[in-house]
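These are my notebook entries on side-chain pairings and confidence. I took up one topic at a time.

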Amino acid sequence: MRSNFHTDPATSGVGWDPHQVTSGHAWHHHSHIFDRMLGFDDSGAVRPELASALEIPDDVTYLFTMREGAIFQDGAPVDANAVQLNMERIRDVKDLAGGTRNRGGIQYADFFEATDDSTWKLVNGEPFGPTLAFFQQFPGTGLLISPEHFDTAVTNPVGAGHLKHVVHEPGERWVGERWDGYWDNDNVHLDGFVQNIIPDQNTAWNAFLNGDIDIDAPTGGVNSELQAELEADGMKVIRGTAQTWTQTWFNLNPNAPSDGLPFNAFRDPRMRHAYNRALDRQAINEVAWEGLGAPSRAPVSVESWALAKDANYYPGHDLQVAHELMDAAGYGDGIEGIHLSYIAEFQTVVTEPVNSQMRNAGMEMEYIKGTEAEIIPRLLATQDWTIGTLSWESPFDPDPVLRPSFEGLQNWMYGSPEGGPRTGRASTADYPNDQVLANLSATEQLVWDAAVPASQDDRVPLYEKVWEAEEEHMWFPYIAQWPANWVAQPHVENFEIIPFFGFPKGMSFKGIWFNNV
């Protein structure tokens with residue numbers, strides 16, 4: 001099996017170590033070598049992986065029963081003792097960005113221990129329902145390394161996944177081969193996997209068309225014309241939504257210097273609602289992706305279990321209402337400002353129509369694009385921009401996105417009082433008359449409330465209150481969810497796609513049959 005990926009593990013700075021990686025892109029390499037404790041079924045619910053069973057006797061206790069007979073690629077058992085050693089390492093190792101993203105599953109742990117060889121126990125100091133999400137996602141807490149290979153994980157990965165690391169040629173390719181000791185080999189239908197590292201997607205796509213690659217995604221996605229052309233050539237085309245969405249950030253920092261421009265206009269909720277009513281999400285979807293993406297309906301993935309399938313918390317496009325709201329807020333003559341975005345093509349196809357629609361409403365925003373390295377520091381400084389439209393990952397569980405979002409907004413208020421952007425939280429005790437801050441804190445409390453129950457079912461009605469608060473305040477409107485389009489050569493049989501991830505089914509090609517490897 002041959003595929004392409006545009007980044008090389010060697011360029012990440014942490015190589016093959018899943019406990020230090022920060023980007024979800026790395027799963028294209030790592031997830032073949034390392035298996036997770038928990039996975040997803042097709043509805044997004046918890047599915048056993050290396051943990052064969054899970055018990056939650058109360059809101060703070062989680063009992064993982066490790067799969068009998070599962071072993072690492074060096075023959076060591078994947079038992080509760082190995083889990084304990086992995087968790088102790090995750091607790092003490094920071095990721096590449098100096099953060100703790102992969103520590104999410106144990107961030108509220110009071111203690112954790114192997115109660116016997118097969119049972120690993122986690123007890124949180126307080127209820128935290130999203131705990132299990134971190135044992136499912138990648139990067140995340142649940143990817144396990146053979147303890148004997150912690151020190152060499154960067155260059156010599158040894159996990160419990162379905163492929164063993166064979167060779168890595170920096171900048172060229174990675175090769176893995178089927179591992180006969182994998183616990184779920186009945187659902188692995190390939191003998192080997194070669195990932196050619198081709199950073200330029202156009203070059204990679206031409207390699208696919210020439211038959212040098214078995215499965216790939218074309219740059220810009222698959223439109224209807226390309227789909228017809230590919231299928232006429234006998235190729236398999238699968239379309240769905242990706243786990244990436246485009247989100248709007250408003251500069252709510254009252255200390256941002258105005259320099260004659262109303263940088264603080266969006267502190268008025270009527271202006272945030274005016275922006276939202278100015279957006280025609282379906283039109284943006286049509287312009288950017290020929291309608292292949294999904295217009296957002298709430299500040300969460302459109303496939304999230306926390307969002308009812310028929311619910312829409314974003315009022316529809318209405319330019320007249322947008323003008324009326326701006327007039328009521330005292331900005332009937334329009335505003336000027338700065339609109340930040342990424343320069344990458346996949347980003348600009350969304351943000352350029354957003355900028356155009358804002359201008360139609362009288363929001364004359366100077367459109368400034370740059371690389372992530374240029375835009376993110378400027379965004380965090382919250383000094384000279386008015387609005388930002390950026391893309392982010394979209395996991396099933398809303399908490400890993402909502403909590404950092406509200407934390408970030410409050411860290412921006414008043415320039416972050418502890419010494420610069422994102423270094424401290426603006427407190428309602430310090431600014432009791434700031435209604436924006438009070439409403440922001442109240443909405444954040446609803447996010448905390450929704451994180452208490454351990455059961456997803458119990459959290460759903462609590463998230464409805466979050467969506468209602470977002471509908472009232474419009475803190476950071478989502479715009480649209482990107483499409484994911486994969487194409488396989490004719491010899492790739494039973495090609496499927498995971499509905500909620502937009503990746504080939506199985507999160508490591510489990511569940512896909514190949515008759516030619």
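Entry 1: burial and model type. I took buried to mean under 20% relative accessible area, exposed to mean over 50%, and partly exposed to be what lies in between. The model is a predicted one. I looked up Trp174 by this rule and noted that at 0% relative accessibility Trp174 counts as buried.

Entry 2: confidence. I read the mean pLDDT of the protein chain as 86, with 88% of its residues reaching 70 or more. Where is confidence lowest, and where is it highest? I found the lowest mean, 48, in strand E19 (residues 513-514), and the highest, 98, in strand E7 (residues 119-124). Residues 513-517 have a pLDDT below 50, and in the model this stretch has 16 contacts beyond near neighbours in sequence. Where pLDDT is low, the predicted coordinates should not be read in detail.

Entry 3: aromatic pairs. A pair of aromatic rings is described by the distance of the centres and the angle of the planes. My count came to 21 aromatic pairs. Trp16 is in the loop between strand E1 (2-5) and helix H1 (27-33), whereas Trp174 belongs to strand E9 (residues 173-178), so the pair ties together parts 158 residues apart in sequence. Is Trp16 buried or exposed? Trp16 has a relative accessible area of 2%, and I recorded Trp16 as buried.

I turned next to Phe250 and Tyr275. Their ring centres lie 5.4 Å apart and their planes are at 90°, so this pair is edge-to-face. Phe250 is placed in strand E12 (residues 236-250) and Tyr275 in helix H6 (residues 269-278); the pair links distant parts of the chain, 25 residues apart. Phe250 counts as buried at 0% relative accessibility, and Tyr275 counts as buried at 1%.

I also noted one aromatic cluster, formed by Trp249, Trp385, Trp392, Phe406, Trp412 and Phe476.

Entry 4: charges over rings. I found Arg67 over the face of Trp183, 3.9 Å from the ring centre. For Trp448, the charged end of Arg403 sits over the ring, at 3.6 Å from its centre.

Entry 5: salt bridges. Side chains of opposite charge can pair when their charged atoms come close. How many salt bridges are there? I counted 14 salt bridges.

I looked up Glu169 and Arg173, which form a salt bridge with 3.3 Å between the closest N and O atoms. Arg173 is partly exposed at 30% relative accessibility, and Glu169 is partly exposed with a relative accessible area of 30%.

In the salt bridge of Arg378 with Asp384, the closest N and O atoms are 3.0 Å apart. I recorded Asp384 as partly exposed at 30% relative accessibility and Arg378 as partly exposed with a relative accessible area of 26%.

For Arg425 and Glu444, I read a salt bridge of 2.8 Å, N to O. Arg425 lies in the loop between helix H11 (399-412) and helix H12 (435-450), and Glu444 lies in helix H12, so the pair ties together parts that are 19 residues apart in sequence. Arg425 is partly exposed, with a relative accessible area of 33%, whereas Glu444 counts as buried at 8% relative accessibility.

Entry 6: Asn124. I placed Asn124 in strand E7, the strand in which I had noted the highest mean confidence. Asn124 is buried, with a relative accessible area of 3%. With which side chain does the side chain of Asn124 make a polar contact? I found this partner to be Thr131, at 3.1 Å. I also read 3.5 Å between a polar atom of the Asn124 side chain and the backbone nitrogen of Ala109. Leaving aside neighbours within four places in sequence, I listed Val60, Tyr62, Tyr108, Ala109, Asp110 and Thr131 as the residues in contact with Asn124.

Conventions. Residues are numbered from 1 along each chain as its sequence is written. This is a predicted model: local features need pLDDT of at least 70, side-chain atom pairs count only at pLDDT 80 or more; totals for chains, interfaces and linings use all residues. Side-chain values use heavy atoms; hydrogens and water are left out. Rings of Phe, Tyr and Trp (its six-membered ring) pair if their centres lie within 6.5 Å; planes under 30 degrees apart count as stacked, over 60 as edge-to-face and the rest as tilted. Helices (H or I, at least four residues) and strands (E, at least two) are DSSP runs, numbered from the N terminus. Buried means under 20% relative accessible area, exposed over 50%, partly exposed in between (1.4 Å probe, protein chains only). A charge sits over a ring if NZ of Lys or CZ of Arg is within 6 Å of the ring centre and within 35 degrees of the ring normal. A salt bridge is a side-chain nitrogen of Lys or Arg within 4 Å of a carboxyl oxygen of Asp or Glu. pLDDT is the predictor's confidence in each residue, from 0 to 100. Contact means heavy atoms within 4.5 Å. A polar contact is a pair of N or O atoms within 3.5 Å; within protein, one must be able to donate a hydrogen and the other to accept it, and residues adjacent in sequence count only if both atoms are side-chain atoms.
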